[in-house]
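Subject: Structure handover and notes

Dear colleague,

I am passing on the structure below, together with notes on what was found in it. Please read the notes with the coordinates open beside them.

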Amino acid sequence: MKWFSSYLSNRKQKVSLNGCVSDFKEITAGVPQGSILGPLLFIIFINDMFMHDRSVHNKSSLYADDSSFYTAGNTVAEIEMNLNQDLKKVTNWCTKNRMFINKAKTKSMLLCTRQKRMNLDSTLKIKIDNDYLENSKSEKVLGVTIDESLCWTEQVDKTCKKIIFNLHTLKEIKKNLPVKERLLFYNCYILPHLNYCCSVWGNCPANQQNRITKLQKRAARLILDADLSIPSSDLFKKLKWLPFPKYVEYQQSVTVYKSLNELNPHYMNKLFSYTQENHSYGTRNATSSLLALPKCNKSIGQKCISYSGPKVWNGLTEAIRCAPSLPSFKSRYLKAMYCTTL
């Protein structure tokens, strides 16, 4: 504490405006701008924003300065009441801690099925002080664009755009690269776009998945200099690739395995539970057990990792589910997929 106190104390700053410079004044709050410790100190400072009131903390998400909270309800009025109550508590915390909420960047979004939305005659009325927040149809959260119906169309559009750009680059430079380096280019500049959070947004409709699979096929032909007469399945087998829908299932299975074996953050472990008959087994031995499928809405709920993850997991063989380590699990899974899918 003394070390931090020494780091933050006795600092001064001055302001330059239109050629005029003020006198130095002592800084009584905040951290030095651009400092290495700045982000860490900010995380420590803001970490109790949702912890001071458990009713907010139970439905909140905090990552650095990107914070959000959410609720569920049977009516729009119920959702509005819950969110406005929570927002008032957060606003009070910010006032006490000298934090400023940027109202222009703070938005609300109502998630529901398209059918339900057609029967709604109002939007969310969430406000800070006396100003209503803008209702958004889609928002980018930690690199993933979430839309109000969880169709993931915008996320797929942006992913495809990035892949197409890099495929064009690969096409221009592949004549100077052997196959090994072309594959390295794919793994460095294209695969990360497919991989990032695909266990969540990869549950998009089949037509959206097919858009990405087609780009995979184009990449395979560029890397192997293959013409259209060669089946894409042969190219995928040679490159040891999985078509995007199968790749999503693979990533979901990895997420489940890591959660069951406490390799993920603790809140991920709560997403999955064993079936009643196997629930008494020990955690370490229960990786070979089947998981319970939660009851959920068919159009939205079954797209969630809490449902699709157990569904994919239960389709694996006992030998894969009881793998002793994560590398072993991945190896067994991919070996089985290459034998059955390709």
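A salt bridge is taken here as a side-chain nitrogen of Lys or Arg within 4 Å of a carboxyl oxygen of Asp or Glu. By this rule the count comes to 10 salt bridges, and please bear in mind throughout that this is a predicted model.

Salt bridges

One of the pairs is formed by Lys107 and Glu139, whose closest N and O atoms are 3.7 Å apart.

Glu148 is buried, with a relative accessible area of 15%, whereas Lys137 is exposed, with a relative accessible area of 60%.

A further salt bridge joins the side chains of Glu249 and Lys246, at 3.9 Å from N to O. Both residues lie in helix 12 (residues 244-260), and because they are 3 residues apart there, about one helical turn separates them. Glu249 counts as partly exposed at 28% relative accessibility, and Lys246 counts as partly exposed at 31%.

Helix packing

How are helix 6 and helix 7 oriented to each other? The axes of helix 6 (residues 153-173) and helix 7 (residues 179-189) come within 11 Å and cross at roughly 160°. Angles over 145 degrees count as roughly antiparallel, and helix 6 and helix 7 are therefore roughly antiparallel to each other. The crossing in which helix 6 passes helix 7 is right-handed.

Helix 10 (residues 206-224) and helix 11 (residues 232-239) pack with their axes 10 Å apart, at an angle of about 70°. As angles of 65 to 115 degrees count as roughly perpendicular, helix 10 and helix 11 are therefore roughly perpendicular to each other. In this case helix 10 passes helix 11 in a left-handed crossing.

Surface and loop positions

On the surface, a nonpolar patch is formed by Tyr63, Val141, Leu142 and Tyr196, which together have about 390 Å² of accessible area. Of these residues, Tyr63 is placed in strand 5 (residues 60-63), and Tyr63 is exposed, with a relative accessible area of 53%.

Asn119 is found in the loop between helix 5 (114-118) and strand 8 (127-128), where Asn119 is exposed, with a relative accessible area of 67%. From C-alpha to C-alpha, Asn119 and Ala29 are 49 Å apart in space, and they are 90 residues apart in sequence.

Key: Residues are numbered from 1 along each chain as its sequence is written. This is a predicted model: local features need pLDDT of at least 70, side-chain atom pairs count only at pLDDT 80 or more; totals for chains, interfaces and linings use all residues. Side-chain values use heavy atoms; hydrogens and water are left out. Patches are made of residues with over 30% relative accessible area and no salt bridge: like charges are joined within 9 Å, nonpolar side chains (Val, Leu, Ile, Met, Phe, Trp, Tyr) within 5 Å. Accessible areas come from the Shrake-Rupley method with a 1.4 Å probe; for residues, only the protein chains shown count as cover. Helices (H or I, at least four residues) and strands (E, at least two) are DSSP runs, numbered from the N terminus. Buried means under 20% relative accessible area, exposed over 50%, partly exposed in between (1.4 Å probe, protein chains only). Axes are lines fitted to C-alpha atoms, for helices over the stretch in contact, and angles run from 0 to 180 degrees between N-to-C directions. Angles under 35 degrees count as roughly parallel, over 145 as roughly antiparallel, 65 to 115 as roughly perpendicular and the rest as oblique. A crossing is left-handed if the near helix is turned anticlockwise from the far one by less than a right angle, and right-handed if clockwise.
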